[in-house]
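Subject: Structure for you, with notes

Hello,

Here is the structure I promised to pass on. My notes follow below it.

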Amino acid sequence: MEKSLKKRIIKRISLDRIPVCYFAAAIIVELLAVTTVEGNPLIRRPWIDLGLFFLTVGILFLLKSNRARFIVGLVFLSFLAVMDLILTVVFDMTEQYFDFGMLKLRNDAFGILESIPMNFTMFYVSMGAVVAFSILSLRHVKKERLAPRGKKGIVVAAVSVTLGVTMMVASLFGDKQKINIYDRILTGNEGGVYNEYGVMGNLIREMATGLFGTNEEVMSGKEISNYVYAQESRPTKYFGVSEGNNVVMVLVESLEWYPFILDPEFPNQLNLTQEQIEELFPNLLSFYRSSTVVRNFHSREKTDISETLSIMGSYPTGAYVNYDYPENTVPYTVPRALQELDPDIKCTSYHNGFKSFYNREEAHDMFGFSYLTDCYDMEEISDANVRAGGEETMHNYLPDGERNLDTDMIATCKDMMFPTDQRFYTYITTITMHGMYYERKNLTEQREKLMSMYPLPEDAEEYQRDAFNYLTAVMLFDEALGMMMDDLREKGLLDHTTIVLFGDHNTYYNELSSNIKDIHGFDTERYYTDLFNVPLMIYDENIEPQVIDKFCCTADMVPTVLDLLGIRYFSNLYYGHSVYDPEESVLYSRAYGIIVDDGIVGRSINQLQYQAPTVTEKDLIDFRDRAKQLVKKIRYTDQIFRQDYFGKKKNLNTYLERFRKLNGMEE
């Protein structure tokens, strides 16, 4: 009886070889993709993947001929292999799992790509699976042109399709996907997203989420209101020291410590001497020596999110503010807060890239800037100056594939950035140091100067060449910083202007940061968190130069600026704390889905990817407590944005009344 059953099964498999081979090949390709990203093939919730495979197998069973089965199966399998390859390459480039919001970034993403890495293991094995399926199937097509469909085949097809659809629908709509993110940050013990759903499973899940929505949590207005006003900011010893000051915030693309600081903590990749560094980066060093230096400042985001965090102090999950919420009302950004207390202040932003990139034009309007000046505007200003008999100050190199020069931006816009007849809040986003790090024609002067000090050997390693090219860009920014400081000084503005200068993220392009810091995994002697350690310096003549060593992150910048300006705020609206406050923050990365503290990196507080040897059990307990507070803020921030809570006139008026009262402005 058992032998007879076994023979029937083998015979059936032989007759239906094409669907069986397709099912096996599809599973192999998917498991390979998961392994490529996560390091293991485990999929904890494989139901979407399996549902997809059962559905497509059922379709193959419904076809009358083996030729049709082969063609359709080959198309399905090729599509799966190509999509898995694309998504693994995206992860290799960005270290980000696919989410629906990425589709809104697609044009901007392609605008910054200069090289696309190929995962050859994934490519060859997945293509091998497609070839193996083709060989096995074609042999069967030649022998048996008609598929053995019959009644049993139709039953098998119906069962397979029904099972596939049921599994996918149940998984997609029976899982409160968005709500689970908070539990995942706090207590998740599973691996990454692809370990949880599979590569194709996550793609389908994200597409369904984006197109049809999910069982999202909806809080009442009263619940949100009670939380928003539950906690008021705590003034630090520097509270109000900069009251009435102008403010300049400079987001410096890819700024790191190691180019201009000679310190074992920040290894110098070219072994430059202190004298050489003094000559190459005089303005950065002068700024460093005159500022509050936050040595333990971390950023683990892309530029757009770092920019938003430094202006707004928070960021929702599962969305991109610039694309999903550009029309929301957000009264607690820095420019909005300043304008509420000082209607005459001028709030403007500048970027020597395109204002359409990352949809900045709409987003910066929502933040409260009166206008955003981009490279095209700067060109027009420069051209008008030339027509009036002056010199050209701005040349747009972007159409030629070069980065624009930060010195051109300052030279063109300094009178707009730093007016003498009006208090101002000026936000500057640079671009010259944006990767990739190749030899640039418009940095020839800087390259020649650096080459005279450090002749780059012909046999230099690739990362040394990248570092050399990166340093030429830092030299250019150093000149721009000097121009800015000189202009403020000459106008008599420097003594009542607070300047915040920070790096938006590390030099992850070309893996330069990893190579320089020798951090290629989690088992290194250096802290893995050092990979994300970038500069934050605060210049204010009313504050003595000092070094702050506590763990800080980009979310701390808004509370810091408000604290210095003597502005009280509602703490639950902001993820961070003033850098002058003893309380430390926890970094949650919207882009990379990780949570970071001093010497700690984790997918959740329970699943740590890295823990430095110096981290104690007490440190872990404190980290978990602070992470829980942060996740609660994230949860309410999501609600504020999804509901456009402050877009309701009553809620906005209540906030503004309470904010003014908190700052001593009675109605």
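I call it a salt bridge when a side-chain nitrogen of Lys or Arg lies within 4 Å of a carboxyl oxygen of Asp or Glu. Arg45, Arg184 and Glu196 are linked in a network of such bridges.

Some ground rules. This is a predicted model, so local features need pLDDT of at least 70 and side-chain atom pairs count only at pLDDT 80 or more, while totals for chains, interfaces and linings use all residues. Residues are numbered from 1 along each chain as its sequence is written, and side-chain values use heavy atoms, with hydrogens and water left out.

Salt bridges

The count comes to 22 salt bridges. Side chains of opposite charge can pair when their charged atoms come close. Three pairs follow, with burial given by relative accessible area: buried is under 20%, exposed is over 50%, and partly exposed is in between (1.4 Å probe, protein chains only). Helices (H or I, at least four residues) and strands (E, at least two) are DSSP runs, numbered from the N terminus.

- Arg289 and Glu278 meet at 2.5 Å, N to O. Arg289 sits in helix α13 (residues 282-289) and Glu278 in helix α12, so the bridge ties together parts eleven residues apart in sequence. Arg289 is partly exposed at 45%. Glu278 is partly exposed too, at 30%.
- Asp597 and Arg626 also form a salt bridge, at 2.6 Å, N to O. Asp597 belongs to strand β12 (residues 595-597) and Arg626 to helix α24, so this pair ties together parts 29 residues apart in sequence. Asp597 is buried at 3%. Arg626 is buried as well, at 10%.
- Glu439 bridges to Arg447, with the closest N and O atoms 3.4 Å apart. Glu439 is exposed, at 51%. Arg447 is buried, at 16%.

Pocket

Spaces were found on a 1 Å grid over the protein atoms alone. A cavity is a set of points where a 1.4 Å probe fits but cannot get out. A pocket is an open set with protein on both sides within 12 Å along at least five of seven lines. Lining residues have an atom within 4 Å of a point. Grid points are joined across faces, edges and corners, and a volume is the space filled by probe spheres set on the points.

The second largest pocket holds about 370 Å³. Its lining has 22 residues, with Gln231, His577, Glu583, Gln629 and Lys633 nearest the centre. Helix α24 (residues 617-642) gives the largest share of that lining, five residues. For classes, Ala, Val, Leu, Ile, Met, Phe, Trp, Tyr, Cys and Pro count as nonpolar, Asp, Glu, Lys and Arg as charged, and the others, Gly among them, as polar. This pocket's lining has five nonpolar, nine polar and eight charged residues.

Cavities

There are five cavities of 30 Å³ or more. The largest cavity has about 150 Å³ of space. It is lined by 19 residues, and Glu301, Leu309, Ala555, Tyr575 and Tyr588 lie nearest its centre. α14 (303-312), β11 (587-588) and α24 each supply at least two lining residues.

Ten residues line it, and the closest to its centre are Glu265, Phe266, Lys517, Arg526 and Asp530. That lining has four nonpolar, one polar and five charged residues.

Backbone

Most residues other than glycine have a negative phi. Which residues go the other way? Ser254 is one of them, with a positive phi of about 60°. Ser254 lies in the loop between β1 (246-252) and α12 (274-280). Ser254 is buried, at 0% relative accessible area. Asn510 also has a positive phi, near 60°. Asn510 is in the loop between β7 (497-503) and α22 (512-517). Asn510 is partly exposed, at 28%.

Met436 is in the loop between β6 (424-429) and α20 (444-453). Met436 is buried, at 19%. Met436 and Glu511 are 75 residues apart in sequence and 9.9 Å apart in space, C-alpha to C-alpha.
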